[in-house]
Structure formats: structure tokens, C-alpha cells
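Please keep the sequence and the model in view while reading.

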Amino acid sequence: MDLPAHWLPRPSCSLDDETLADFASLLADAVAQGPDQPIPYTLAVPKWQFLCYVAEQAEYVLHGSNDPSIERFEPRRSYDSDAFGDRTAVYAASDGIWPMFYAILNRDHPLSMVNSCSDIVGETYYYFSISRPVLDLHPWQEGTIYLLSADGFEHQPPIRGARQRQVAKLAPAEPVAKIRVTPEEFPFLKDVRGHDDAVVQARSAADPDGFPWIDE
């Protein structure tokens, strides 16, 4: 199946048994240590691969934030074009790369975001776009990924047959561990697109199902 070029496939990743054992050991130590101090990551493989392991092979979901000291996540209203995301909830991801985008994006700048993480034809694909004037400012900073127990989180229903990686919980959630991430560790830093807010707003109003309303 040929997909439009704006859909970004997850980089290839082949983990051997030794790396998987290292991931399992690091995760167990992190959960035992608790969320007060960030996970000390010293493994040779990219950090996103560890985060994908955590989100897909362990019972955790991930939340990215600029704030390095969150002790409890309270449900907050998230205004979204999709009904699942237009609720008061704690939002997270069952993916390791997507929350890195939220962690490293400095949202002190007024901006809009159009982004997604979906499973399409058996593979995980991403889309990242922010307001073009803000993208020109290179709004990247070090951020934090929080590990939350997946208990109580529900997956967003599939959209046009594609499994979505967004999850939500209508009750508070406390992190069990956290890890710092830098912009350079985000594998799609150079692939984030810039959009015209007015164009995206007009196109999304005219065609709510036309995601991502690309402005070329």
C-alpha cells in the first residue's frame, strides 16, 4: 500500500535478546526506584527504542511534558476535533516516539499542533506539524517522559480502520518512573512540518475527516 510522503514510518528496529534483557532490567530498576529521580539511561541503543519497548512490551503508557516534576496527573480538558480527545481526561500514548514530541516542544509559544500516531497496514506511522512561525523559532528543549501504569487507560477507537496510539483515563494517574529526553534523541526532529493556522482551521472545518489538512 502506497502512503502519502507526509506519513513517517517508524525507523527500523531489531532488538536482540541481550538488549531486551537490558531493557527489562532497566525498567524493573526504574519502577523499583520510583519517579523522584529520572531513569539513568546509559545503554548504547537509541532511547526511543527503550521507550517503544516500555509502551509495547510492558504494562505502561507514556506521557511527554516540559515539566520535569509532575507527581500526579489530573484529568484536564483537551479540545480536539475527535470526540475521544475532546474530553476531560489524562492523555498518554501506547507508543514510545510520539510522547517525545510533546516532551521536547516548548509550548510557551502560542501555537497549534497537528499530529498523529497510527498503525497503518501493520506498521506504525507518525505525522508532526506545528504553526510555521513557531517552527522557524526552533522551539525545542529538554523534556520528560513519564511512565504510567496502563491500568484504567482506554485506547482511542480505530479511525478508518487504523489503530490509534492515543489512550485516555478519566481519573487521576501517578507516574511510576520518568526519563529525560533531548531534542537530538527525537528521531523525527528534522521531519516536523510547519503549517498556516488559518488554512488548517478552515480546511478542518470544511472537511473534519481530511486530516492532516496539509498546507503545501
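In strand E10, Val167 has Ala92 standing opposite. The model is a predicted one, in which local features need pLDDT of at least 70 and side-chain atom pairs count only at pLDDT 80 or more, while totals for chains, interfaces and linings use all residues. Residues are numbered from 1 along each chain as its sequence is written, and side-chain values use heavy atoms, with hydrogens and water left out. Helices (H or I, at least four residues) and strands (E, at least two) are DSSP runs, numbered from the N terminus.

Strand E4 (residues 88-93) and E10 run antiparallel and are joined by 4 bridges. Strand E8 (residues 154-155) is also antiparallel to E10, with 2 bridges between them; here Glu154 stands opposite Ala168 of E10. Two strands are taken to pair if DSSP finds at least two bridges between them. In a regular strand the side chains alternate between the two faces of the sheet. Strand E10 (residues 166-169) is covered on both faces: Gln166 and Ala168 are buried on one side, and Val167 and Lys169 are buried on the other. Buried denotes under 20% relative accessible area, exposed over 50%, and partly exposed in between (1.4 Å probe, protein chains only).

Attention now turns to a helix. Helix H1 (residues 17-33) has 17 residues, which at 1.5 Å a residue should span 24 Å; the end C-alpha atoms are 24 Å apart, in agreement with that value. The expected span is 1.5 Å times one less than the number of residues. Which residues of H1 are buried? They are Thr19, Phe23, Leu26, Leu27 and Ala30. Seen down the axis of H1, these buried residues fall within an arc of 100 degrees, so they line one face of the helix. The arc is that of the directions from the helix axis to the C-beta atoms. An α-helix has 3.6 residues a turn, so residues three or four places apart point the same way. On the other side of H1, Asp17, Glu18, Asp29 and Ala32 are exposed. The buried residues of H1 pack against helix H2 (47-57) and strands E2 (60-65), E7 (143-149) and E11 (175-181), contact meaning heavy atoms within 4.5 Å. After H1 comes Gly34, whose phi is positive, near 90 degrees.

The cysteines remain to be considered. The structure holds 0 disulfides, a disulfide being a pair of cysteine sulfur atoms within 2.5 Å. Cys13 is in no disulfide, and its nearest cysteine sulfur, that of Cys52, is 7.0 Å away. Cys13 is partly exposed, with a relative accessible area of 36%, whereas Cys52 is buried, at 5%.
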